Amino acid sequence: MFKRFDLKTLDDLKCALSRSALHLPFSDNLGCLAEPVKIGERTLANRFTVQPMEGVDADPVSGAPSELTSRRYRRYAAGGSALIWAEAVAVSDDGVSGLRQLRVNRSNLDVYKRVVELIRSSAAEECGHEVTSVIQLTHSGRYSRPGGVVKPLKAQHNPELDLALGMQDAETVSDDYLLRLQDNFVEAALLLAEAGFDGIDLKAVHGYLVAELLGARRRAGRFGGSYENRTRFFRECVQRIKEALPQGHFVTARCTVLEPSAYPYGWGVVENVVNDRSPDENVNEVPIDLAEPLRLLQECVALGMPLINISIGYPRFQAYMNRPHDNALREMPLPPEDPLRSVVRFQNIVREVQKTLPEVPVVTAALAWLRHLMPQVAAGLVEEGWCTLIGQGRNAFAYPDSVRDILEKGAMDTRKCCTTCSLCSQIMKDGVGCTGCVVRDKDIYAAELLKGLKRGSQKENCAF
Ligand SMILES: Cc1cc2nc3c(=O)[nH]c(=O)nc-3n(C[C@H](O)[C@H](O)[C@H](O)COP(=O)(O)O)c2cc1C
Ligand code: SF4
């Protein structure tokens, strides 16, 4: 049953878990979070990662990072995380999620170079460590809005999603389109490596194009049908980016292990169980089978990925699965379950992935709902081997120096924690403002939220 966060102490959290027959590990040894971690040839200074968080604040004409983008990255890097995982950058003009999603090209490359320098200098000056940076590349697929106009591009027909999103007539991309798109991914990867990012992430989560291909059983041709075909785009892209990148750079992925459309359309779902639920019904109804996702992640490691970041679910329909929250978006239902259950589900899935891939660090997420009780859970997750790196998404917006507080003072300040109010996601969905924390950074972002409120409810499709 849905229940807002009302926990004060770790004992309260332990009681809440035991009342619901749930389990999370705990440890008071926060020192383990300060331990260095090897990823490939590099060593991270600690176990914290800023998760990719779209700020929707790119220059709408050039697609370059703006002043607000730079401000975010300076705050992230100064906040103490050893790994800064930069947000989704669209690799093609028709695959952008909106006017203010980042895009990269030769003409705006210098701005990216300055952002990388800022990340490095802020981490060095404020934290005294060398930071590692990864940047995410994406195609928005069904959620594409080139020039701010809705123009979905699908991997396949999916009756459930098509109906829910009004996309029955939307275009399904051709194999030729996908081959050209691979070139776009490689080109963008090379530019961003030249800008100084250490790692390139091929985004394959949250219902976007590369993730949708993974479940494209009903698609004909090279990129649909069998497991080999459905994963071909992703694998070939990883291989091509890896071969193209200069020495010293690496390729990784934020890869989905669950796209919860009922078989035969989803990914990470039990095959041959056809389910007639609607997509916004509780996803607990979709029987999960991680065999294919785990196989793909093993292949990723064999392809040389030095770390793996995962996520689950369609934020559009089951936001509670990947960002457990207390308040839903306007006109969206409250989570169908206790957010604590969602936190535990995510950690259990990460545990399964880390157990399967003991040789590479796996990054977890979805911990913001725990507020100030997160550090002892994070330390428990690390000590018991559920994951290697602790990713923070919404707290990167709300409380960017939380890592320094955890590592230097041994605690998070309750007054600075993310409240999981979903207003940063609301700004994204409204499609007119730049996003950040409306609650903890309100001098900037309260006005951005108002822009959307004034415009009224967004009818256009958005992944959020
Ligand atoms: C406003 C917003 C923007 C996001 N942008 C991205 C993104 O660009 N790429 C991505 O992989 N995940 C994105 N996410 C998901 C987060 O990285 C993270 O997985 C999620 O917020 C749960 O982690 P948390 O509990 O630490 O917030 C976004 C989430 C929010 C709320
Ligand atoms: S607006 Fe701030 S407090 Fe609300 S969910 Fe986003 S980061 Fe958290």
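In which cavity does ligand 2 sit? Ligand 2 sits in the second largest cavity, where sitting means that more than half of a molecule's atoms lie within 2 Å of the grid points of the cavity or pocket.

The structure is a predicted model, in which local features need pLDDT of at least 70 and side-chain atom pairs count only at pLDDT 80 or more, while totals for chains, interfaces and linings use all residues. Residues are numbered from 1 along each chain as its sequence is written, chains are lettered from A and ligands numbered from 1 in the order in which they are written, and side-chain values use heavy atoms, with hydrogens and water left out.

**View 1. Ligand 2 and the residues around it.**
The shell around ligand 2 is made of residues with a heavy atom within 4 Å of it. Arg394, Phe397 and Ala398 belong to this shell, as do Cys418, Thr419, Thr420, Cys421, Ser422, Cys424, Cys437, Val438 and Val439. By class, eight of the shell residues are nonpolar, three are polar and one is charged. In these classes, Ala, Val, Leu, Ile, Met, Phe, Trp, Tyr, Cys and Pro count as nonpolar, Asp, Glu, Lys and Arg count as charged, and the others, Gly among them, count as polar. With three residues, helix H13 gives the most to the shell around ligand 2. Helices (H or I, at least four residues) and strands (E, at least two) are DSSP runs, numbered from the N terminus.

**View 2. The second largest cavity, which holds ligand 2.**
A cavity is found on a 1 Å grid over the protein atoms alone, as a set of points where a 1.4 Å probe fits but cannot get out; lining residues have an atom within 4 Å of a point. Grid points are joined across faces, edges and corners, and a volume is the space filled by probe spheres set on the points. The second largest cavity contains about 80 Å³ of space. It is lined by 14 residues, and Cys418, Cys421, Ser422, Cys424 and Cys437 are the closest to its centre. H13 and H15 each supply at least two residues of this lining, and H13 gives the most, with three. The lining has nine nonpolar, four polar and one charged residues.

A polar contact here is a pair of N or O atoms within 3.5 Å. A side-chain N or O atom of Lys203 is 3.4 Å from a nitrogen atom of ligand 1. On the backbone, an N or O atom of Leu367 lies 3.3 Å from an oxygen atom of the ligand, and one of Ala368 lies 3.1 Å from an oxygen atom of the ligand. Taken on its own, ligand 1 has 610 Å² of accessible area, of which the protein covers 99%; such areas come from the Shrake-Rupley method with a 1.4 Å probe.

**View 3. The largest cavity, the space taken by ligand 1.**
By the grid rule, there are six cavities of 30 Å³ or more. About 520 Å³ of space lies in the largest cavity. Its lining has 33 residues, with Pro52, Met53, Arg254, Asn322 and Gly393 the closest to its centre. E4, helix H10 (315–322), strand E13 (389–392), H13 and H15 each supply at least two lining residues. The lining divides into 16 nonpolar, 11 polar and six charged residues.

A pocket is an open set of points with protein on both sides within 12 Å along at least five of seven lines. The largest pocket has a volume of about 370 Å³. Its lining is made of 22 residues, and Ser97, Gly98, Leu99, Arg145 and Gly431 lie nearest its centre. The second largest pocket contains about 310 Å³ of space. It is lined by 14 residues, of which Glu41, Gly248, His249, Phe250 and Gly304 lie nearest its centre.

Most residues other than glycine have a negative phi, and most peptide bonds are trans. The peptide bond from Tyr263 to Pro264 is cis, with omega near 15°. Pro264 is in the loop between strand E10 (250–258) and helix H9 (291–302). Ala21 is not a glycine, yet it has a positive phi of about 55°. Ala21 lies in the loop between helix H1 (10–19) and strand E1 (37–39).

Terms used:
Polar contact = N/O pair within 3.5 Å; in protein donor to acceptor, adjacent residues only side chain to side chain.
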